[in-house]
Amino acid sequence: MITMLKSLFIDKCPVCAERLIAETDAACCTKACPDGHYKEESYCALGVRVVYDGLK
């Protein structure tokens with residue numbers, strides 16, 4: 001039951017369902033698929049989210 005609840009909060013690639021790798025610095029937070037299918041950048045100070053879908 002707990003693992004099912006945790007899986008709702010894990011970000012996954014919409015193409016291959018792999019877990020996204022997150023990197024954070026002072027300006028933005030980046031989440032990317034390890035296979036390169038999907039990338040998402042969040043700029044909290046600007047209130048902007050950029051999604052790159054289908055990178056390959």
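User: Let us start with Glu-41. Which residues is Glu-41 in contact with, leaving aside its neighbours within four places in sequence?

Analyst: This is a predicted model. Glu-41 sits in strand S3. Beyond its neighbours within four places in sequence, its contacts are Cys-29, Thr-30, Val-48, Arg-49, Val-50 and Tyr-52.

User: Is Glu-41 buried or exposed?

Analyst: The cut-off for buried is under 20% relative accessible area. Glu-41 has 11% relative accessibility, so Glu-41 counts as buried.

User: Which side chain does Glu-41 join in a polar contact, and at what distance?

Analyst: Glu-41 belongs to strand S3. Its side chain makes a polar contact with the side chain of Tyr-43, at 2.9 Å.

User: How many bridges pair S3 and S4?

Analyst: Strand S3 covers residues 38-43. One of its bridges links Glu-40 to Val-51 in S4. The pairing is antiparallel, and the count is six bridges.

User: Which residue in the hairpin of S3 and S4 takes a positive phi?

Analyst: Four residues lie between the two strands of this hairpin. The phi in question is near 75°. The residue is Gly-47.

User: Where is Ala-17, and what is its phi?

Analyst: Ala-17 lies in the loop between helix H1 (2-7) and S1. Most residues other than glycine have a negative phi. Ala-17 is not a glycine, yet its phi is positive, at about 65°.

User: What is the strand order in the sheet, and which strands stand at the edges?

Analyst: The sheet is open, has four strands and pairs them antiparallel in the order S1-S2-S3-S4. An edge strand here has a single partner strand, so one side of it is left without a neighbour in the sheet. The edge strands are S1 (21-24) and S4 (48-53).

User: By how much are neighbouring strands of this sheet turned against each other?

Analyst: The sheet in question is the open one of four strands. The value is an average, with direction ignored. Neighbouring strands are turned by 10°.

User: How many disulfides does the structure hold?

Analyst: A disulfide needs two cysteine sulfur atoms within 2.5 Å. The structure holds zero. Cys-13 is in no disulfide, and the nearest cysteine sulfur, in Cys-33, is 3.7 Å away. For Cys-44, the closest cysteine sulfur is that of Cys-29, too far for a bond at 7.0 Å. The total stays at zero disulfides.

User: Which are Cys-13 and Cys-44, buried or exposed?

Analyst: The cut-offs are under 20% for buried and over 50% for exposed. Cys-13 has 4% relative accessibility, so Cys-13 is buried. Cys-44 has 70%, so Cys-44 is exposed.

User: What share of the residues in the protein is buried?

Analyst: The protein has 56 residues. Its accessible surface is about 4400 Å², with 58% of that belonging to carbon and sulfur atoms. The buried share of the residues is 16%.

User: What does the C-alpha trace span along its principal axes?

Analyst: Of the contacts with a separation of 6 or more, 4% come from residues 24 or more positions apart. Along the principal axes, the C-alpha trace spans about 35 × 25 × 15 Å.

Key:
Residues numbered from 1 in each chain as written. Predicted model: local features only at pLDDT ≥ 70, side-chain atom pairs only at ≥ 80, totals over all residues. Heavy atoms only, no water. Buried < 20%, exposed > 50% of the residue type's maximum accessible area, 1.4 Å probe, protein only. Pairing = 2+ DSSP bridges. Axes fitted to C-alpha atoms, helices over the stretch in contact; angles between N-to-C directions. Contact = heavy atoms within 4.5 Å. Areas by Shrake-Rupley, 256 points an atom, 1.4 Å probe, with all protein chains shown as cover. Polar contact = N/O pair within 3.5 Å; in protein donor to acceptor, adjacent residues only side chain to side chain.
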